[in-house]
Amino acid sequence: MKALTLYNTRTRSKEVFEPATPGVVGMYTCGPTVYAPQHLGNLRSQLFADLLKRTFLYEGYKVTHVINITDVGHLTDDADAGDDKMEAAAKTSGQTAQEVAALYTKQWADDRERVGCLPPEFLPRATEHITEQIELAQKLEQGGYTYLTSDGLYFDTAKFPGYSDFAGLDLEAQQSAGRVAEVDEKRNPADFALWKVAPEGVKRQQEWDSPWGRGFPGWHLECSAMSVKYLGENFDVHTGGIDHVSVHHTNEVAQSECGLGVHPWVRYWLHNEFLSLDKEKMSKSKGHVFVLDGLVEMGFAPLSYRYFFLQAHYRQQQRYSQEAMEAADTGYKRLCRQVIEVRDAPGEPDAEKLAPFQARFRDALHDDLNAPRAVAVAWDVAKNKELSAAGKRALFLEFDAVLGLDFANVELPEETQESDPRIDALVQARQEARAGKDFTESDRIRDELLAEGIVIDDTPEGPRWRRE
RNA sequence: GGUGGCGUAGCCAAGUGGUUAGGCAAGGGCCUGCAAAGCCCCGAACCCCGGUUCGAAUCCGGGCGCCACCUCCA
């Protein structure tokens, strides 16, 4: 059995996972900015974090999982200009920032639950941790890592020699390309705001007093302040989308290592690749809002999306298409049918026969969470002719602790049988024709109904009809 | 301009030197009066050109194509 190995962005290599404290894992996941619905790509990040958490639990670790809710301070524009997303959303919707946050936080949590993500142990909100954020900014100020501009307190990246190490950035080259807009008062384009002072005469919905004036915290600060509050100044795992590596997480590392005097601040950094939609990135700003409810409206079960997620490795871009989603949906349902078949099987499983499957399953997960291989093992169980029903039952339920596909309870919904006197009568007439072997007549009735989009299926329990 | 990644059979997607990944679709079969659903069976693929090697999808070099991040984004 190989040890659990994970790809650590910090070291750019696969490493054997060993938590700081044996048997206990602290992990932090970058959560949503709750100003808009979360799309399927966002959900992929949550599914990835959940896969990781479930793997830790499967390995017997006690896990403390923290996910933040960003409800302030995330600017709409480049590094440090533009409006705050929450303020902007409140303005356009006519609601308060708090109402906007509450709405999208709930939607996000519901989506997570529907795709089988375990709830985090802590779900801290940025607005409820302003004090902690100010304290961290003060530590940085006292350490000489900051400077003031007319609009706030900034982190001086030049004071942190290792700034570019985390993401392997070539700051010189980036500057020469001129893609990062210069902000006049910033000493270096990479410098970022720790605290933004509200401009004179502007009244924000969300603002607080601070040593630097009334205003609001910079986006990056909350993750450092809150993760440390709940997990300690050193912790094991930090996850997020790959887009966060070069800016958000680079800045988190800078402010945390400088402010707390620790290195490395986080032992393992794990990042998931993006979900791509028809070869175009799914992002809110490009208008491709594609959400879980959209899949549900198309008739997919939320867990079919989880199954879809599990079919690709988390560090690989995954291509979404209707066809691929339908393939996942069909595959998931078929696998469930196999599970349901053995779910109530009596008797005890034969441990010796189970072992090879368990080993392959764990080996797959231990190899940087290779979920596609783990799912393949589940299929091998389903197709295997040597295993007893009780053995299959035991394996399915064990694997589901990680897969999270609800094998223990899932039911395949029966086609809902509508009732319509006219159609029911025609179906009944067809049954009578069939009983009398008058198949010409029975087929005529079926064709008649088919012409209006109604399909008759003959089942062992009798005929059913449905609208196509 | 910098950085990271990808190119595997109709589709999605594992696989890092030699052994069947897996799923979906298609095809064949069972079942059915016929269908549908369900179940069973079934695919010798690896962008191109060189090289290393007994042997390469897998390593090295070159080329072509595609994507992502560096700017709000998971």
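**Salt bridges and cysteines**

Me: How many salt bridges does the count come to?
Reply: The model is a predicted one. A pair counts when a side-chain nitrogen of Lys or Arg is within 4 Å of a carboxyl oxygen of Asp or Glu. By this rule the number of salt bridges is 28.

Me: How many residues apart in sequence are the parts that Asp-84 and Arg-204 tie together?
Reply: The side chains of Asp-84 and Arg-204 form a salt bridge, 3.6 Å from N to O, and both residues are buried. Asp-84 sits in the loop between strand S4 and helix H2, and Arg-204 in the loop between strand S7 and strand S8. The parts tied together are therefore apart in sequence by 120 residues.

Me: Which helix holds the salt-bridge partner of Asp-293?
Reply: Asp-293 lies in helix H8 and is partly exposed, at 40% relative accessibility. Its salt-bridge partner is Arg-114, with the closest N and O atoms 3.0 Å apart. Arg-114 belongs to helix H3.

Me: How many disulfides does a search of the whole structure find?
Reply: A disulfide needs two cysteine sulfur atoms within 2.5 Å. For Cys-30, the nearest cysteine sulfur is that of Cys-223, 4.0 Å away. The sulfur of Cys-117 is too far for a bond, because the closest cysteine sulfur, in Cys-30, is 15 Å from it. Over the whole structure, the number of disulfides found is zero.

Notes. Residues numbered from 1 in each chain as written. Chains lettered and ligands numbered in written order. Predicted model: local features only at pLDDT ≥ 70, side-chain atom pairs only at ≥ 80, totals over all residues. Heavy atoms only, no water. Helix = DSSP H or I, 4+ residues; strand = E, 2+ residues; numbered from the N terminus. Buried < 20%, exposed > 50% of the residue type's maximum accessible area, 1.4 Å probe, protein only.
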